[in-house]
Amino acid sequence: MPNTPSMKQDEISTIQALLTVTSTVYAVGIVSLPRTITEQTQTPDVWQGLLLASLFGVGVVFINVKLCRRFPGKTFYELNSVIAGKFISLFINIAFMVYCVMICSLVSRMMAEFLKALALERTPVSMILLPFLLLIGYLTSGGLHAMVRLVELFFPLTFIVYLLLIILNINHFDIDNLRPVFHQGWGPILKSLKVVPFSTLGFESMLILTNFMVNPQKAWKAGGIGYSIAMALYVMMVTMVVGCMSVEEVSRLQWPVVSFAQQIEFPGAFLERFEIFFIILWTIKIFMTASNYYFYLVAGISQLTQKWNGYIFYLPLIIIFAVSIYPQNFIQIDNFGTVTGYFGMIICAAVPLVLLLISMIFCIRGNLDGKRS
């Protein structure tokens, strides 16, 4: 386990790591992803780009796990100094923490905008963000074990509601809305890859979780399966939304998945507002995702300062709140998401690959006692 004393006791099982990865990947992007993809493609070829992104993400999971397995007992923050030296590793660690701040802030802001538009129209965004962020700090203070237990508790509920959302919309599905396939070749599919980076992030979780696992040798299994499940859910949802509502309609909606849920009808006016279940559980899921990234941030601060106390749990919330409130409209939020996605690809995919290659070329590995060999 990491060297910080209070973190040594945080051990998670393989299934807990799997569910944490799935919950981290499959979260905020789902409500707007169908719109952003259809805006780029303007064709029914919306699922092929997601499949390509999924294969890329699984490959990154393998790279991240491979890197961590070379340095038993060390997180990403700790193994950097072994490979790149203290000076360069400091920049890498700070960049990773900045990425965690960016994605945690973006996820929180999107959640606040979502709730404001659908349920809390007269409530300022800041008043939605404050209790949300304070709850994140409180959950993080319980350590990784408390967070993964929350994931275990709510994942089955969110998964059931997701399946019901798909099953109850089967009667609206029209295969013609997904035709023709490859009508304009690979161009629209490659264009769709411009907007999927943010939604496909989450593979970086294994950089932190691998050496918190009771059986780190099963990290590839947990990360690979967890990431694949999340991306399969993405592909299924995007395909169903477009198949039920057409490319033209989806591209005009701010929250296509909410409209997708609203079109569910029950006989006899029973349970007319099914989307309420989706909104509630989706908000919980966003809370879990933001908490995961906040824990990764706090773990980095703890590693750099060699402290693990109440100040670490709550002080970074000030920065996250300031970043969350900065975008002035949906256009700026979307642009922030694009920048975060590309920055995440560099920090969480390209940098670990370079570190892994350096460690393999120069035969750098760690021992169980944490020493370099």
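The legends below describe close-up views of a predicted model.

In this predicted model, local features need pLDDT of at least 70 and side-chain atom pairs count only at pLDDT 80 or more, while totals for chains, interfaces and linings use all residues. Residues are numbered from 1 along each chain as its sequence is written, and side-chain values use heavy atoms, with hydrogens and water left out.

**View A. Helix 1 against helix 14.** Helix 1 covers residues 14–25 and helix 14 covers residues 275–305 (helices are DSSP runs of H or I with at least four residues, numbered from the N terminus). Their axes lie 8 Å apart at an angle of about 110 degrees (axes are lines fitted to C-alpha atoms over the stretch in contact, and angles run from 0 to 180 degrees between N-to-C directions). The two helices are therefore roughly perpendicular (65 to 115 degrees). Thr20, Thr22, Ser23 and Thr24 of helix 1 meet Lys285, Met288, Thr289, Asn292, Tyr293 and Tyr296 of helix 14.

**View B. Thr20 in helix 1.** Thr20 belongs to helix 1 and is buried, with a relative accessible area of 1% (buried means under 20% relative accessible area, with a 1.4 Å probe and protein chains only). Leaving aside neighbours within four places in sequence, Thr20 is in contact with Val148, Val151, Leu209, Asn292 and Tyr296 (contact means heavy atoms within 4.5 Å).

**View C. Helix 3 against helix 11.** Helix 3 (residues 47–69) and helix 11 (residues 219–245) pack at about 165 degrees, with axes 9 Å apart. They are therefore roughly antiparallel (over 145 degrees). Residues making the contact include Trp47, Leu50 and Gly57 of helix 3 and Trp220, Gly223 and Tyr227 of helix 11. By class, the contact has 15 nonpolar, six polar and no charged residues (Ala, Val, Leu, Ile, Met, Phe, Trp, Tyr, Cys and Pro count as nonpolar, Asp, Glu, Lys and Arg as charged, and the others, Gly among them, as polar).

**View D. Helix 4 and what covers it.** Seven of the nine residues of helix 4 (residues 76–84) are buried, so this helix is largely enclosed by the rest of the structure. The buried residues are Phe76, Tyr77, Glu78, Leu79, Asn80, Val82 and Ile83. Their cover includes helix 3, helix 5 (86–118), helix 10 (205–209), helix 14 and helix 17 (330–361). Just after helix 4, Gly85 has a positive phi of about 90 degrees.

Key
Angles under 35 degrees count as roughly parallel, over 145 as roughly antiparallel, 65 to 115 as roughly perpendicular and the rest as oblique. Buried means under 20% relative accessible area, exposed over 50%, partly exposed in between (1.4 Å probe, protein chains only).
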